[in-house]
Amino acid sequence: PDTSFIKALQAYVTYPRTIEFALETERQYPDLSGFANDLTQVFRYLRYYFPDATLPAVYTYIGGGEYEQPVQLIDSTLLIALDSYLGPGFLPYTADGLPQYKTRRMTTEYLLPDCAKTLITPWFPVHYPGNTLLDQMVDAGKRLYIAALLLPGSPGYLLTGYSPQQQEWATTHE
């Protein structure tokens, strides 16, 4: 009954930028069954480590350039903006002025790790008790450790966001 909402929705779905993002998303993600199977495995590990976990409903959507939180856990729903994982060569990313270190991670291989890191936030929210660098490092390390448990065998660089070379350097100089 709210005509203003209908008009806003119509404007969004007919906006050329939204259409461009949607077409590229459909081209790169024609079938999500493989991703669904992988996410189901993450849910199994989540249930193993957190038996009381309520598994969220999962929805994908086109955010049209909302890059800051491409994966969100809201109540019991996991929202995934697939258009934030179209690869560093996707021209609107460059046009929006996104830095290369971000666009390098906006690929399909980072989709599942981002979901895993988001799924653990109810148990391990970002928390800096003393607000020192060391506090932040320990807190981030705890969350990375738990996320790695949900993705056994996954390369570490996918969780840290480093390039493979940066991850190798960090491991060597640990």
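Author: Start with helix α3, whose buried residues are Phe35, Leu39, Val42, Phe43 and Leu46. They share one side of α3, because the arc they cover around the axis is only 105 degrees. Buried means under 20% relative accessible area, exposed means over 50%, and partly exposed lies in between, with a 1.4 Å probe and protein chains only. The arc is taken from the directions that run from the helix axis to the C-beta atoms.

Two remarks on the source are needed before going on. This is a predicted model, in which local features need pLDDT of at least 70 and side-chain atom pairs count only at pLDDT 80 or more, while totals for chains, interfaces and linings use all residues. Residues are numbered from 1 along each chain as its sequence is written, and side-chain values use heavy atoms, with hydrogens and water left out.

Helix α3 itself has 17 residues. From its first C-alpha to its last it reaches 25 Å, close to the 24 Å expected at 1.5 Å a residue. The expected span is 1.5 Å times one less than the number of residues.

The face of α3 turned away from the buried side carries exposed residues, namely Asn37, Arg44 and Tyr48. Take Arg44: its relative accessibility is 52%, so it counts as exposed. Its C-alpha atom is separated by 9.5 Å from that of Leu55, eleven residues apart along the chain.

What lies over the buried side? The cover on the buried residues of α3 includes β1 (57-61), β3, α6 and α7. Cover here rests on contact, which means heavy atoms within 4.5 Å.

Helix α7 (residues 133-150) has 18 residues and reaches 26 Å between its end C-alpha atoms, close to the 26 Å expected at 1.5 Å a residue. Its buried residues are Asp139, Arg143, Ile146, Ala147 and Leu150. These lie on the same side of α7, because they cover an arc of only 105 degrees around the axis. On the other side of α7, the residues Leu133, Leu134, Met137 and Tyr145 are exposed. The cover on the buried residues of α7 includes α3 (33-49), α6 (111-119) and α8 (156-160).

Arg143, in helix α7, counts as buried because its relative accessibility is 18%. Its side chain is joined to that of Asp139 by a polar contact of 2.7 Å. A polar contact is a pair of N or O atoms within 3.5 Å; within protein, one must be able to donate a hydrogen and the other to accept it, and residues adjacent in sequence count only if both atoms are side-chain atoms.

Helix α7 also takes part in the largest pocket, to whose lining it gives the most, with eight residues. That pocket holds about 1,400 Å³ of space. Its lining has 39 residues, of which Asp114, Lys117, Leu144, Leu159 and Thr160 lie nearest the centre. The elements that give two or more residues to the lining are β2 (71-74), α6, α7, α8 and α9 (164-172). A pocket is an open set of points on a 1 Å grid over the protein atoms alone, with protein on both sides within 12 Å along at least five of seven lines; a 1.4 Å probe is used for cavities, and lining residues have an atom within 4 Å of a point. Grid points are joined across faces, edges and corners, and the volume is the space filled by probe spheres set on the points.

Ser163 lies in the loop between α8 and α9. At 11% relative accessibility, Ser163 counts as buried. Apart from neighbours within four places in sequence, Ser163 is in contact with Arg104 and Tyr157.

Finally, the whole chain. It has nine helices and three strands, in the order α-α-α-β-β-β-α-α-α-α-α-α from the N terminus. Of its 174 residues, 33% count as buried. The C-alpha atoms fill a box of roughly 55 × 40 × 35 Å along the principal axes.

Methods:
Helix = DSSP H or I, 4+ residues; strand = E, 2+ residues; numbered from the N terminus.
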